[in-house]
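Q: Could we go through this model together? I would like to start with the overall fold and then turn to the details.

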Amino acid sequence: LIFYTEEFGKFLTNSEIYNIFRDNKLVLYFLFENKILNFDHYIVNGILKSKKKKYPNYFINEIKPFINEKVFKEIELENQNNQIDMDPEIFEKNRRKGENESKLCQLVRNDDIDEFITYVSLNDISPQTEINNSTFETNSLLIRKIPNLIEYAAFHGSVQIFRYLYMNGEKPKPYVWIYAVHGDNPELIR
């Protein structure tokens, strides 16, 4: 995208660039950060309309100058209720990662079976648990359909955790193959 920065400015308006990439908040973040795209009222309105995808929460710092105090406080309160760490350094780190920041999700992504078993036992987490929607998640499949633990494990190719959940009674739904293909783990796909 950096390579095409000059062409973007020559051939596309700010709103056209936004409309091309609006379905991927991580790419939008990259474009804003590199001054390829600039916040304006059109873009802020688009972001505010994407509440289900948590765009206002993700871009809270950038949209603040464009929204009234009441709307800002609502977004800020939602971030607090969702236990989003608003420390600027941690918030930026989570945005750059573009993944669910929860401890449970980190354990699954890392396929850390020992720590996973300890964590789910200590926190009384059921194998049927759905992954909480995250402000920082940028994968459209995980945003569109909130996965349960076994689907999330398949998505990340976490074969040890997938096997543990399966052995403990969690039966994957037939569409789990969509997640498994993304996980790109031949053993899991098989």
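A: The answers below concern a predicted model.

Q: What does the chain hold in the way of helices and strands?
A: The chain has 15 helices and 0 strands. Its C-alpha atoms fill a box of roughly 55 × 35 × 25 Å, taken along the principal axes.

Q: How much of the chain is buried?
A: Of the 190 residues in the chain, 40% are buried.

Q: And the contacts, what share of them join residues at least 24 apart?
A: That share is 58%, counted among contacts between residues at least 6 apart in sequence.

Q: Let us turn to aromatics. How many aromatic pairs are there?
A: The structure holds 13 aromatic pairs. One of them is formed by Tyr29 and Tyr58, with ring centres 6.1 Å apart and planes at 80°. An angle over 60 degrees counts as edge-to-face, so the Tyr29 and Tyr58 pair belongs to that class.

Q: Where do those two tyrosines sit, Tyr29 and Tyr58?
A: Tyr29 lies in helix 3, which spans residues 25-33, and Tyr58 lies in helix 5, which spans residues 55-58.

Q: Which residues do ring pairs link into a cluster?
A: The cluster consists of Tyr29, Phe32, Phe39, Tyr55, Tyr58, Phe59, Phe91 and Phe136.

Q: Take Phe32, then. Is it buried or exposed?
A: Phe32, which lies in helix 3, has a relative accessible area of 9%. The cut-off for buried is under 20%, so Phe32 counts as buried.

Q: What does Phe32 touch?
A: Leaving aside residues up to four places away in sequence, Phe32 touches Leu37, Asn38, Phe39, Ile43 and Phe59. Two of these, Phe39 and Phe59, are also members of the ring cluster. Phe32 and Glu62 are 30 residues apart along the chain, and their C-alpha atoms are separated by 9.0 Å.

Q: Now helix 2. Which of its residues are buried?
A: Helix 2 covers residues 14-21, and its buried residues are Asn14, Ile17, Tyr18 and Phe21. Seen down the helix axis, these residues fall within an arc of 100°, so they line one face of helix 2.

Q: Why would such a spacing put residues on one side?
A: An α-helix has 3.6 residues a turn, so residues three or four places apart point the same way.

Q: What covers the buried residues of helix 2?
A: The cover includes helix 1 (5-11), helix 3 and helix 4 (41-48).

Q: And which residues of helix 14 are buried?
A: In helix 14, residues 176-183, the buried residues are Val176, Tyr179, Ala180 and Gly183. They fall within an arc of 100° when seen down the axis, so they line one face of helix 14. Their cover includes helix 11 (140-144), helix 12 (149-155), helix 13 (159-167) and helix 15 (186-189).

Q: What follows helix 14?
A: Helix 14 is followed by Asp184, which has a positive phi, near 50°.

Q: How many cavities of 30 Å³ or more are found?
A: The search of the whole structure finds 1. The largest cavity has a volume of about 50 Å³, and its lining divides into 5 nonpolar, 4 polar and 1 charged. Among the residues lining that cavity are Asn100, Asn132, Glu137 and Ile146.

Q: Asn132 again. Is it buried or exposed?
A: Asn132 has 63% relative accessibility, so it counts as exposed. Asn132 is in the loop between helix 10 (113-122) and helix 11. From C-alpha to C-alpha, Asn132 and Ile146 are 7.4 Å apart, and they are 14 residues apart in sequence.

Note on methods:
Residues are numbered from 1 along each chain as its sequence is written. This is a predicted model: local features need pLDDT of at least 70, side-chain atom pairs count only at pLDDT 80 or more; totals for chains, interfaces and linings use all residues. Side-chain values use heavy atoms; hydrogens and water are left out. Buried means under 20% relative accessible area, exposed over 50%, partly exposed in between (1.4 Å probe, protein chains only). Helices (H or I, at least four residues) and strands (E, at least two) are DSSP runs, numbered from the N terminus. The arc is that of the directions from the helix axis to the C-beta atoms. Contact means heavy atoms within 4.5 Å. Rings of Phe, Tyr and Trp (its six-membered ring) pair if their centres lie within 6.5 Å; planes under 30 degrees apart count as stacked, over 60 as edge-to-face and the rest as tilted. On a 1 Å grid over the protein atoms alone, a cavity is a set of points where a 1.4 Å probe fits but cannot get out, and a pocket is an open set with protein on both sides within 12 Å along at least five of seven lines; lining residues have an atom within 4 Å of a point. Grid points are joined across faces, edges and corners, and a volume is the space filled by probe spheres set on the points. Ala, Val, Leu, Ile, Met, Phe, Trp, Tyr, Cys and Pro count as nonpolar, Asp, Glu, Lys and Arg as charged, and the others, Gly among them, as polar.
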